[in-house]
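Hi,

Here is the structure I promised to pass on. Have a look through it first, and my notes follow below.

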Amino acid sequence: MRWENLSGDGSAVNPALFGTDVVSRTFNTPEFAGITFHEVRARSIVNRVPGASRMPFEWTVNPYRGCSHACVYCFARGTHRYLDLDTGAGFDTQIVVKVNAPELLRRELGSSRWHGQHIAMGTNVDCYQRAEGRYRLMPGILTALRDYTNPFSILTKGTLILRDLDLLRSAAAITDVGISVSVGFTDEELWRTVEPGTPAPDRRLDVVRTLSSQGIPCGVLMAPVIPFLSDSPTQLRTTVRAIAAAGASSVTPLALHLRPGAREWYMQWLAKHHPGLVRHYEGLYADGAYAPTWYQRRITRQVHELAAEYGIGPTSPGTHRRVEVHPDRATEQEPDTPDCTQLTLL
């Protein structure tokens with residue numbers, strides 16, 4: 001495993017992200033069976049998003065690398081290559097924990113060089129994955145953001161976010177806080193195979209329901225919509241209806257995209273579970289990581305129509321941030337017309 005001379009882009013040009021005093025641990029508990037945690041001391045925690053990425057935010061905080069949610073399609077799988085770790089099973093079971101994240105964030109927020117820009121979390125791997133139950137990094141992170149009245153957003157599939165409800169409420173009282181839960185579909189059979197380490201979709205919708213009832217608007221990122229597996233009109237209607245019933249402030253679809261690292265792992269899963277779809281995917285994703293624009297437009301139009309039918313209002317300040325990105329320049333999602341605008345994370 002490579003720790004020395006590791007920079008954000010995997011090169012040796014910039015200072016290393018981590019110190020070399022790494023402690024690797026395994027825990028003899030069922031929820032962490034087969035998982036190794038590599039405890040590191042990060043040298044920085046507020047990360048600037050490269051300008052070429054066209055993301056709708058400039059700064060992120062990621063207390064973990066790798067994710068036990070084990071979503072077979074996760075676009076972040078490729079980042080494990082920087083550590084000479086496997087992007088398949090290794091991404092699911094070799095979790096890097098930045099144990100000094102809360103104290104480091106407080107120091108960086110207090111620096112004269114920091115000017116209170118929006119910070120996005122959960123945009124690479126989930127900050128409320130199972131590891132957070134043991135390491136409890138988010139309370140310190142949220143407290144620092146609140147104390148410095150720094151605006152932030154969180155995208156998660158984890159129900160553990162409810163543990164920090166009081167902190168979220170107190171932060172939302174003094175700064176801009178956006179919360180979004182990812183629920184791409186409600187099909188439990190599909191969930192068990194494609195997102196095996198995540199809470200069930202109905203439990204995630206309970207998070208939306210609870211946050212909304214506590215006065216914290218919560219949107220749903222309907223992601224990913226999976227071609228041929230969760231995109232039929234009936235499936236889309238069922239999912240949007242459940243999202244509306246949970247009290248979501250908005251719903252924004254995002255079609256499956258398959259970046260290098262994720263593409264290979266997902267196609268291996270597809271060949272095992274749905275071999276008849278392999279040729280369809282090879283055709284649909286022949287031009288790269290993203291589904292064709294016509295497909296994205298169709299899905300987005302259908303979801304927007306269903307959202308209107310079920311009374312889900314437009315996105316409001318403090319929840320999602322919408323970004324219209326031309327397909328030739330996008331890194332997360334593409335359509336360039338109002339009827340096919342999709343969310344680029346948060």
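A quick definition to start: two strands pair if DSSP finds at least two bridges between them. Helices (H or I, at least four residues) and strands (E, at least two) are DSSP runs, numbered from the N terminus.

Some background: this is a predicted model, where local features need pLDDT of at least 70, side-chain atom pairs count only at pLDDT 80 or more, and totals for chains, interfaces and linings use all residues. Residues are numbered from 1 along each chain as its sequence is written, and side-chain values use heavy atoms, with hydrogens and water left out.

Let's begin with strand β6 (residues 94-98). It runs parallel to strand β2 (residues 36-40), joined by 5 bridges, and Thr36 sits opposite Gln94 of β6. Strand β5 (residues 64-65) pairs with β6 too, but in the antiparallel sense, over 2 bridges; there Arg65 has Val96 as its bridge partner. Because 4 of the 5 residues of β6 are buried, this strand is largely enclosed by the rest of the structure (buried is under 20% relative accessible area, exposed over 50%, partly exposed in between, with a 1.4 Å probe and protein chains only).

Most residues other than glycine have a negative phi, and most peptide bonds are trans. Arg136, in the loop between α3 (131-135) and α4 (138-147), has a positive phi near 50°, and is partly exposed at 48% relative accessibility. Phe228, in the loop between β10 and α8 (233-245), has phi near 70° and is partly exposed at 41%. Finally, the Ala223 to Pro224 peptide bond is cis, with omega near -10°; Pro224 belongs to strand β10 (residues 218-225).

Cheers
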